[in-house]
Amino acid sequence: MFDLDKWQEIFSIIRKHKLRTIATAFGVFWGILMLIILLGAGQGLQNGVMKDMVLDATNSIWFFTGQTSLPYNGMQPGRELQFTEADLQAVEEHIEGVEFIAAENWLGGNFNVVRGSKSSSFMVLGAGKDYFNIKVHQQYLKGRKLNFNDNLSKRKVCVIGDRVSEVLFEKDENPIGQYINIKGVLLKVVGLFHDEGWGGRFSERIYTPFSMFQQTFNPDKSVRLFAVTTKVGVSGRDLEQRVLTLLRQRHTVSPDDNQAFWTHNQEDSFQQINNLFLGIKSFIWLVGIGTLIAGIVGISNIMIIVVKERTREIGVRKAMGATPNSIVGLILQESILITSIAGYMGVLVGVGLLEGLNYLLELAGEGVPYFSNPQVNFPVVITAVILLIIAGTLAGFFPAMRAARIKPVEALRG
């Protein structure tokens, strides 16, 4: 039942001891605020690193050719190797555990991409049929990605980065459905994307269907590089070694030659980044919990002082017939009220600061390197607030219980 008289008395006590109340509340407020800021900053750092460094599917492995460094089966070292389409077919047919496989080629030499009276130099790539199931961290602003049918039919279409659009098209012009000229070949633009890779430089790319690229620009059918993704439950490191073994056999390369082919295993990179942030978050939690404990200790000390100051008052209440439960309840309600309001204000200010920081990052346009979208896990924050309230309740409960056991005569004497 709501006891209006009791609440009026609590507010009267709070007004009477403003400085003490503020000191109690500030410990809780500061503990929650610092926890939110630390967790938000840690998450922002992780988001930024993931955005700038994890550019493709986290289960992807990219394979590149190099130069042989060891003689093998009559072959001299120093051979320049080159993948072929037959290599990709062999991987598909003989390596188990491959989810997607896709080749990537690009045009070399000096040339300009032309659209009307405008032209500039951009990187033009041929992307295999499953390429965009591997390069997943692209934001499509308009249109669509290249798809399986584009490769199957060797369609003369392309998707362009937003920086390409800024150079070749007018500011408010929609590039979708328009044509661009690449080495005398007209390609229809079907998609517009933004890619954060390499500080946004990947947004200066143009992707075309691999089959059309090979037929039109690369008649020798060579392949610059290719990527695979692993099926669920398949080890990326194991799959990588099995593919390398097959490639060494096909290109007559020594099993001990580590320079003929090289790889980038995104699974390893992703795991390393996760391990790094596990350490960072553990440190953040250590600091945050330390701050919360400091707030809890502050509440406990102040509640002990509060009870000592009110010993005589408690004696009067008991002499007038007040029960121990009513005395304890009054002190606990005061403690819970101060802790709850201070915790809520800490959450409010902390979230407000993170939102303000997000707004400033958006205004900055390009943003801050390796830092993006600082945010907080609300269930974690609410749990911390509840724990602080419980701690505040216990901080008031034990001194109040001791005071409630004091005999009225002793309390009045004190």
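Aromatic pairs are my subject today: a search of the whole structure, which is a predicted model, finds 13 of them. Let me take two in turn.

Phe-63 and Phe-226 are stacked, with 5.0 Å from centre to centre and 15 degrees between the planes. Phe-63 belongs to strand β1, residues 60-65, and Phe-226 to strand β13, residues 225-230, so this pair ties together parts that lie 163 residues apart in sequence.

The next pair is formed by Phe-83 and Phe-261. These rings are also stacked; their centres are 5.7 Å apart and their planes make an angle of 5 degrees. Which strands does this pair tie together? Phe-83 lies in strand β2, residues 83-84, whereas Phe-261 lies in strand β14, residues 261-265, so the parts joined here are 178 residues apart in sequence. Phe-83 has a relative accessible area of 0% and is therefore buried. Phe-261, at 4% relative accessibility, counts as buried because the cut-off is under 20%.

I turn now from pairs to a cluster. Which residues form one aromatic cluster? The members are Trp-62, Tyr-131, Phe-132, Tyr-140, Phe-193 and Tyr-207.

Finally, I come to charges over rings. Lys-183 is placed over the face of Phe-111, at 5.4 Å from the ring centre. Arg-205 lies over the face of Phe-202, and here the distance from the ring centre is 3.9 Å.

To summarise the two pairs: the stacked rings of Phe-63 and Phe-226 link strands β1 and β13, while those of Phe-83 and Phe-261 link strands β2 and β14.

Methods:
Residues are numbered from 1 along each chain as its sequence is written. This is a predicted model: local features need pLDDT of at least 70, side-chain atom pairs count only at pLDDT 80 or more; totals for chains, interfaces and linings use all residues. Side-chain values use heavy atoms; hydrogens and water are left out. Rings of Phe, Tyr and Trp (its six-membered ring) pair if their centres lie within 6.5 Å; planes under 30 degrees apart count as stacked, over 60 as edge-to-face and the rest as tilted. Helices (H or I, at least four residues) and strands (E, at least two) are DSSP runs, numbered from the N terminus. Buried means under 20% relative accessible area, exposed over 50%, partly exposed in between (1.4 Å probe, protein chains only). A charge sits over a ring if NZ of Lys or CZ of Arg is within 6 Å of the ring centre and within 35 degrees of the ring normal.
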